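Biologist: I have a structure on screen. Can you take me through a few of its charged residues?

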Number of protein chains: 2
Amino acid sequence: MASPGSGFWSFGSENGSGDSENPGTARAWCQVAQKFTGGIGNKLCALLYGDAEKPAESGGTLFNMKSLNSKKCYYLLPACDGERPTLAFLQDVMNILLQYVVKSFDRSTKVIDFHYPNELLQEYNWELADQPQNLEEILMHCQTTLKYAIKTGHPRYFNQLSTGLDMVGLAADWLTSTANTNMFTYEIAPVFVLLEYVTLKKMREIIGWPGGSGDGIFSPGGAISNMYAMMIARFKMFPEVKEKGMAAVPRLIAFTSEHSHFSLKKGAAALGIGTDSVILIKCDERGKMIPSDLERRILEAKQKGFVPFLVSATAGTTVYGAFDPLLAVADICKKYKIWMHVDAAWGGGLLMSRKHKWKLSGVERANSVTWNPHKMMGVPLQCSALLVREEGLMQNCNQMHASYLFQQDKHYDLSYDTGDKALQCGRHVDVFKLWLMWRAKGTTGFEAHVDKCLELAEYLYNIIKNREGYEMVFDGKPQHTNVCFWYIPPSLRTLEDNEERMSRLSKVAPVIKARMMEYGTTMVSYQPLGDKVNFFRMVISNPAATHQDIDFLIEEIERLGQDL
Amino acid sequence: MASPGSGFWSFGSENGSGDSENPGTARAWCQVAQKFTGGIGNKLCALLYGDAEKPAESGGTLFNMKSLNSKKCYYLLPACDGERPTLAFLQDVMNILLQYVVKSFDRSTKVIDFHYPNELLQEYNWELADQPQNLEEILMHCQTTLKYAIKTGHPRYFNQLSTGLDMVGLAADWLTSTANTNMFTYEIAPVFVLLEYVTLKKMREIIGWPGGSGDGIFSPGGAISNMYAMMIARFKMFPEVKEKGMAAVPRLIAFTSEHSHFSLKKGAAALGIGTDSVILIKCDERGKMIPSDLERRILEAKQKGFVPFLVSATAGTTVYGAFDPLLAVADICKKYKIWMHVDAAWGGGLLMSRKHKWKLSGVERANSVTWNPHKMMGVPLQCSALLVREEGLMQNCNQMHASYLFQQDKHYDLSYDTGDKALQCGRHVDVFKLWLMWRAKGTTGFEAHVDKCLELAEYLYNIIKNREGYEMVFDGKPQHTNVCFWYIPPSLRTLEDNEERMSRLSKVAPVIKARMMEYGTTMVSYQPLGDKVNFFRMVISNPAATHQDIDFLIEEIERLGQDL
């Protein structure tokens, strides 16, 4: 780990104490082990030392047991006598990870040690070969991989909707990896299947469906969750589509706002509906869908003989963080008998906050909701839920009755074998990290997390709304943590608002962003939108961030952009 | 962890040495830390102890730092002064995981501590509440979750195609969780994006595409990989389907064998093609697709004016482990200009073996291949690749040009921003565990793994083929590790081969399986297939298994089934 001066985990002899002064690693390990395991330390020590072996006093290496790590992976479990090297190896890995975790939150550490793709390809040999490498080399690869990784948990990483690194979520994800199972049946994932049941029910209760009834699934991301919603809406209206395909049904039309996520179009392309059949509804200046335009376009489609089958309202758009007016959308969906989906991938987290959940008023009238706890709620990637109000529909839509997996003559309650309602066969366990975080934080903890991030966004908004050199992309306090703004370098401040200025302004954010990445001090996203040239979209979902980090971002933008 | 007598990790005072004899945990930790981090141990120790605090000598708890674990998660990073409790907490989690890992390979430990869903729901409070819990409770949840988990790495767990627990793969998955990023751009996953590039290229080379050229992606499981193949095949033939949907194209027909995976039908249902348009081709008695029937059904479809667009041959069927005759299928696909997909989710691993790869001869002529390293190659779940021979097609098929994610004015080579060729938006990092395992084992290590598992299957086959009380479901040596057989209890051995015998035989496997799970000693799958009543399908993908484990399985089946 190359960053200098980054806290107590950095290597080197800061205080002059040599390694020879320290006790042997095996001995120290042994002492720890004795503590952990009650009275059986001697047994473990025998394993660590071997019968007559004494702990080596030499050292100076990063790794726990250098002699073991010069071995190949075949010395690890399940190898005979594999416990000792396995524990040493995994503990070494853990030390590397713990070091990274601590550094991730250290503001003196870079967010990113940027290298261009060609540099990275040339600086290191990433190729796959016939012959095995030593475990020591494997540990070096782990270090190298993390050296070049983006510290997504860093308090000054604002680049994506998913940021932060929750310690309980991380622990839960480690456990998930260790359990290494699959969600398709209770038979092979009993606890995780029950936790999915409990957690989805709780999420439905929070959405406001009576008694938390309904259905749902954790899917590999919001795009797939949205695609599920389209599939289920289509199946509800035309169940014959499952067997007969789109040829058997009239032309279906989906509606979503022009600020909505591109996954609606991706889904329509995949599902054989076609992107032309996704009508983009106009938004107001804050990025909210205009209900009258929705109704107009529904009528237009119906007049053409097409069948409106889905409206996807967005609760928390990707760029502006806008919340579509769900109550008005619900009224229209009810009037025209159209499936109402709410893409709350980003905004769903606000349902945890008594202060902010009003922004999703009407979500309880939706037929389906996408809600990604891996975004605003800080759950490690990936954790996306699709929730469906009507029970049984997912199962009917997707089931294929594979008899090798979903045997009907098992000895337990088969209603817990939920795999056949998925589009996937094998499905990763995504629920445990959310469930464990929820136990650790409580609903009130998520509320505090959400409230804090929104307060930080408001703090940023208040700083820049009247500050020289900034222009807001839309007026008024942000509803989510998205704060969209242009930084105007001094050289552009006196220019007339014409094409040349726009053209020059469009180049500002990319240059500042590139410099941010090269310095590695912070990261924030930018993009154009419609007729608006490149602007910064600041988002905050990491509770590690503070007012000082917001101040730092502003100063950094000004430092890096003032000469442009 | 309740299993008694399961090796040195079990708790209790086996040798009478009390905890008070052991050094304080913090002190032991400190010694370890000093070793790991060179000369800065004093700094870390100050953190661990506080300035004046002395290490506590009392103990007797499982956990590292009981006093800290009575705290809430808010004491962990990113909290101010969060390092100390974080390191203690994560180390405690790690101890729980290491214990589970060691137990997973211990044959005296149960594979499963089975409880019925209702029991499990009642025995433990899994509900989500408003208020946070202590970290100590969180650690207990981790223990409880693992107590009831299936030990999928256990040498006697044969229940699924994905078994085993590779130590390097596990380490890599922990690192992946810690890096907590997303595959969509080089910007936020530089190393992982490059490793995906390197690894997919290597896999294409092994398939036999010249220079490893082509395209691909790691997707959330084989079902989604197969769905990608259908989408891309459809797009290649009718690119207008992306915008216009299925209404704009003729009726498309896909062909796959009657033994193929149900995901082909799931995919067809999702994509608006419809399950009726998936024609199931007859198989021979070994479960291999019959090429003449394929050609007949293609001609039949064409005569009806339908358009055959995809043949999905299977390399390693789920139940029989059969390999379709790929060369013959390739000839037919070439003749009729149909996209040839090979679903090698299960059989792809055999490409790593010089001894067995001939079973996939012809795969190099496929247009696309599904290959799941999380199955035969023992990579932790999930790791599924779709490989495509023609470059650029995936991108054209799926891209939507979201400008907030795939900015065109970034400062690095944009060809590494591969996210827009995915159906997903956010995508989990699935490549690192495969890449790191490959470095650790080398191609030769995977070869040895595959060869060993196939040898074990042959061993099983040789034992039971002539043993009293067994009938093979199909004749001859298995081509994959699937060994399909009936166990015939003594009471059925003298019965005539009539309906009553079939009916009684169909109940044998479910009862034996239920007993296996209740005893927790081993697990193996069963299912009916076509007119064949419930039979056992033994599969081996875990290199931890030995001849003795196979012997054990046989004895266990006989022990649990002899009274039926």
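Biologist: Is A:Lys375 buried or exposed?
Modeller: The model is predicted. Buried means under 20% relative accessible area. A:Lys375 has 15%, so this lysine is buried.

Biologist: Which modified residue does UniProt list at A:Lys375?
Modeller: A:Lys375 sits in the loop between β7 (368-371) and β8 (384-388) of chain A. Beyond its neighbours within four places in sequence, its contacts include A:Ser162, A:Trp346 and A:Ser541. The UniProt entry is unreviewed, and it lists N6-(pyridoxal phosphate)lysine.

Biologist: How many residues apart in sequence are the parts tied together by A:Lys441 and A:Asp166?
Modeller: Their side chains form a salt bridge, 4.0 Å from N to O. A:Lys441 lies in helix α15 (residues 431-464) of chain A, and A:Asp166 lies in the loop between β1 (157-158) and α7 (167-179), so the pair ties together parts separated by 275 residues.

Biologist: Is A:Lys441 buried or exposed?
Modeller: The cut-off for buried is under 20%. A:Lys441 has 7% relative accessibility, so it counts as buried.

Biologist: Is B:Lys335 buried or exposed?
Modeller: B:Lys335 forms a salt bridge with B:Glu295, with the closest N and O atoms 2.6 Å apart. B:Glu295 lies in helix α12 (residues 291-303) and B:Lys335 in helix α13 (residues 326-336) of chain B, so the pair ties together parts 40 residues apart in sequence. Exposed means over 50%. At 54% relative accessibility, B:Lys335 counts as exposed.

Biologist: Which residue of chain B is linked in a network of salt bridges with A:Glu187, A:Lys410 and A:Asp417?
Modeller: Over all chains, the count is 58 salt bridges. The network links A:Glu187, A:Lys410 and A:Asp417 with B:Lys513.

Terms used
Residues are numbered from 1 along each chain as its sequence is written. Chains are lettered from A and ligands numbered from 1 in the order in which they are written. This is a predicted model: local features need pLDDT of at least 70, side-chain atom pairs count only at pLDDT 80 or more; totals for chains, interfaces and linings use all residues. Side-chain values use heavy atoms; hydrogens and water are left out. UniProt positions are given in the numbering used here, feature names are shortened, and annotations may be inferred rather than shown by experiment. Helices (H or I, at least four residues) and strands (E, at least two) are DSSP runs, numbered from the N terminus. Buried means under 20% relative accessible area, exposed over 50%, partly exposed in between (1.4 Å probe, protein chains only). Contact means heavy atoms within 4.5 Å.
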